Amino acid sequence: MATLRQFEYLVTVVDTGSFTRAAALLHVSQPALSHQVRALERDAGGPLLERLPRAVRLTPMGRAMLPHARAALADAQRARTAARRAVGLESGEIKVATVYSVTLGVLPPVLHAWCERHPGVRIRLLEFPHTDALQEAMTKGLADVAVGPAPRSWDGPAHDLGTEEFVIVVPASDEAAAGARGRVPLAAFADRLWVHYAPGNGLAEVVDRACAVAGFKPRIAVRTEQTAAAPLLAASGLGPALVPANLIPPGFTGVPLRPDPPVERTLTAYTRPGPDPLTSAFLDMFSPPPPLPVPPPSSSSRGDPQGAAAPGPPLRP
């Protein structure tokens, strides 16, 4: 059965004339876009698009389907507008609480999609350095939705967003980057000076706990209040840093190494019991969960299928 999402993909490919441009506009990968278009073609019983070297062209079947696809999308938009007006989703403000690292690595595409769907609803972002402060803010009613590490206990609606993986960042010139194959023992960095986080930042506890599991206490070269600064300071040669993989920026000059044992934590989106329609609509943005970024390829993850290690204990702050 054809879906509205598949119709949207078909229309966007036709309007842009390119799978590449359509994927960028829709904020999906090109393979995912192609897969959905092929699924629509299988459902229709034949090809809808002719793939040319520099463009795409509708087939006779595609020309017949296109106006119906546009009509279905228009009907769906009218239905959404009517529903939003009925429950107040056309205007207002929603307060989203999170921790610093999630603001940088996980939330941007979700907030972008929300603004496209609900342009009249403002977002107020409340950022906290620690999971406990995040949960306390939710308990006190300071925010409508929390997005961050799984709370210690919670009796309201929640969506599991999956597992966030951490990597060790070193400069490209570091001997660990040059010789790594598969996962790199965290204990191999026991004698290094580390780029660490300020004590109030929950990631400081993640680093200390991971290093304790590996059998050592990290010695500090520098502590930073700014989560985004840690990978940059590590890449400059101040010392290794343990950072969420989704914090690695495009064009990063450092090298991310996957530690052994793995360092991971579960992320969750949650709200208080009995959320209002606006809050429920925001929580629905996480169903199904958006894909969490995976560690970028590095010398530590190429060409060694034997490098995987058993998962380590989940880390919360």
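**Close-up views of a predicted model**

**View 1. Helices α2 and α3 are roughly perpendicular to each other.** The model is predicted. The axes of α2 and α3 cross at roughly 105 degrees and come within 9 Å; an angle of 65 to 115 degrees counts as roughly perpendicular, hence the description. From α2, the contact uses Phe19, Thr20, Ala22, Ala23 and Leu26. Gln30, Leu33, Ser34 and Val37 are the residues that α3 brings to it. By class, the contact of α2 with α3 has six nonpolar and three polar residues, and no charged ones.

View 2. Helix α1 spans residues 4-16 and helix α2 spans residues 19-26. Their axes are 8 Å apart, and the packing angle is about 125 degrees. The crossing of α1 past α2 is right-handed. On the α1 side, the contact with α2 is made by Glu8, Tyr9, Thr12, Val13 and Thr16. On the α2 side stand Phe19, Arg21, Ala22, Leu25 and Leu26. The contact of α1 with α2 comprises six nonpolar, two polar and two charged residues.

**View 3. Histidine 27 has a positive phi in the loop between α2 and α3.** The phi value of histidine 27 is near 60 degrees, and the residue is not a glycine. The loop that holds histidine 27 leads from α2 to α3, the latter covering residues 30-44.

**View 4. Alanine 71 of helix α4 is shown with phenylalanine 7.** Helix α4 runs over residues 60-87 and includes alanine 71. The relative accessibility of alanine 71 is 38%, so this residue counts as partly exposed. Alanine 71 and phenylalanine 7 are 64 residues apart along the chain, and 9.8 Å separates their C-alpha atoms.

**View 5. Alanine 221 sits in strand β9.** The strand covers residues 219-224. With a relative accessible area of 36%, alanine 221 is partly exposed. Apart from neighbours within four places in sequence, the residues in contact with alanine 221 are Leu193, Trp194 and Leu238. Proline 240 is 19 residues from alanine 221 in sequence, and the C-alpha to C-alpha distance between them is 9.4 Å.

**View 6. A cis peptide bond joins aspartate 260 to proline 261.** The omega angle of this bond is near 5 degrees. Proline 261 belongs to the loop that separates β12 (259-260) from β13 (264-271).

View 7. A disulfide is a covalent bond between the sulfur atoms of two cysteines. Cysteine 115 has a relative accessibility of 40% and counts as partly exposed. Cysteine 211 has a relative accessible area of 1%, so cysteine 211 is buried.

**View 8. The whole chain is given as context, with eleven helices and 13 strands.** The protein chain has 317 residues, of which 47% are buried. Of the contacts in the chain between residues at least 6 apart in sequence, 76% link residues at least 24 apart.

How values were computed: Residues numbered from 1 in each chain as written. Predicted model: local features only at pLDDT ≥ 70, side-chain atom pairs only at ≥ 80, totals over all residues. Heavy atoms only, no water. Axes fitted to C-alpha atoms, helices over the stretch in contact; angles between N-to-C directions. Helix = DSSP H or I, 4+ residues; strand = E, 2+ residues; numbered from the N terminus. Left-handed = near helix turned anticlockwise from the far one by under 90°. Contact = heavy atoms within 4.5 Å. Nonpolar A, V, L, I, M, F, W, Y, C, P; charged D, E, K, R; others polar. Buried < 20%, exposed > 50% of the residue type's maximum accessible area, 1.4 Å probe, protein only. Parallel < 35°, antiparallel > 145°, perpendicular 65-115°, else oblique.
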